[in-house]
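These entries record what I looked up on charged side chains and their pairing. I began with the total and then went through individual residues.

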Amino acid sequence: DMKRILALTLAVIMLLPLVGCGNTDQPDDPSVNTEQQTSGVSDSWMGADLNGVAGAVGGGWYSTFAAFTELVMEKEPMISFKVSPGSGIGNSATIGEGTFDMGWVYPPMAQLAYEGQTPYEEKYENIRMVATGLSPQVIEVVARASVDVDSIDDIFKDHVGIRWLTPNKGSTTPALFFDIMLQYYNTTESDIKSWGGSTTYTPYSDWAQFVQDGHADIMFNQGSMPFSTTQEIAANTSLKLLSLPEGLRNYMVEKYALQEYTIAGGTYDFEDQDINTLQMCSGLGCNAELDDDTVYRILEIIEANLDEFKSISASFSNFDLATAWQNTGSVPLHPGAERFYREHGYMT
């Protein structure tokens, strides 16, 4: 009996190291998500099935949002996305009303939706911001070189009859910012007409022919620099850029969450001076009801895979988490986003 007890004891002692080593191999198991183990989300988080909204199919917003959601789903299997088409003006409303959980938005549009200002007919108080600073879109005012105007202030002060050209109303942000400029100068389209000018709202695809035929003096547009439509027009027409006056810039920064921008001299062959204007970046917005852990987790994934995230588009190259919580206007940050920025040291 003593021999049997000794044999059993020896067997148990020999097994102990194997039992103790059982967990040391676990992190090497490819099925274990070690990133999730160190995540700031709560243990009770169950993941999320999200309805996302992008831009028009085939456009930049749609392709970048699809790539972004694929990155999130690859890194976090507990999140799934269904992506639908949307628009720069429409997304803030459809996210705010809860039709979609998350998507690309323009912070100035999100602010107008949140406050219920034109072009929105009601308040969408459940719109929240997650991140800003993506895909800068620059406001550009381009005049024929022959137009005897060097200051936008002078146009409105001296009632100069200018034939203005800007994209379609209702669905595009440049037309909205053009109207905001008229508000700043307390001017209507009827006023412009009485001065001998006009306002034409038409798609960019028509601009080159429209200008070449002599139907426009100044173009008010918005896009990535250098703007391809401007380059196309410059091939057949002598042009110059006009700066936005300081007062107008301050007004639009304070009231509409736009940001200062300088079009560097030499961006176009025809302009060697630096031009002061404004930019509007895209952002990631979400509905207020989206749970904090999901928003936190998505920002964790962006942070942990920042180079891959930025490689989605050249227009993401200047994205910076240190400032991504800023420039949201009156729209609150989502609580999950605010917790992320504070806990990760970007926001104090």
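Entry 1. I worked on a predicted model. My count of salt bridges came to 13.

Entry 2. I looked up the pair D179 and K169, which form a salt bridge with their closest N and O atoms 3.6 Å apart. I noted that the pair links distant parts of the chain, ten residues apart: D179 belongs to helix α7 (residues 173–184), and K169 to the loop between β5 (163–166) and α7. I found D179 partly exposed at 21% relative accessibility, and K169 partly exposed at 42%.

Entry 3. I turned to R249 and E260, whose salt bridge has its closest N and O atoms 2.9 Å apart. R249 sits in helix α11 (residues 246–256) and E260 in strand β9 (residues 259–263), so this pair ties together parts eleven residues apart in sequence. I recorded R249 as buried, at 11% relative accessibility, and E260 as partly exposed, at 42%.

Entry 4. I found that salt bridges with shared partners join E74, K75 and E308 into one network. Within it, I looked up E74 and K75, whose closest N and O atoms are 3.5 Å apart. K75 is partly exposed, at 21% relative accessibility.

Entry 5. I then examined R128, which is in strand β4 (residues 127–144). I found R128 buried but without a salt bridge. The nearest side chain of opposite charge is that of E289, 7.2 Å away. I did find a polar atom of the R128 side chain 2.8 Å from the backbone oxygen of E125. Beyond four places in sequence, I listed contacts of R128 including Y114, C286, V331 and H334.

Conventions:
Residues numbered from 1 in each chain as written. Predicted model: local features only at pLDDT ≥ 70, side-chain atom pairs only at ≥ 80, totals over all residues. Heavy atoms only, no water. Helix = DSSP H or I, 4+ residues; strand = E, 2+ residues; numbered from the N terminus. Buried < 20%, exposed > 50% of the residue type's maximum accessible area, 1.4 Å probe, protein only. Lys, Arg positive; Asp, Glu negative; His and termini not counted. Salt bridge = Lys/Arg side-chain N within 4 Å of Asp/Glu carboxyl O. Polar contact = N/O pair within 3.5 Å; in protein donor to acceptor, adjacent residues only side chain to side chain. Contact = heavy atoms within 4.5 Å.
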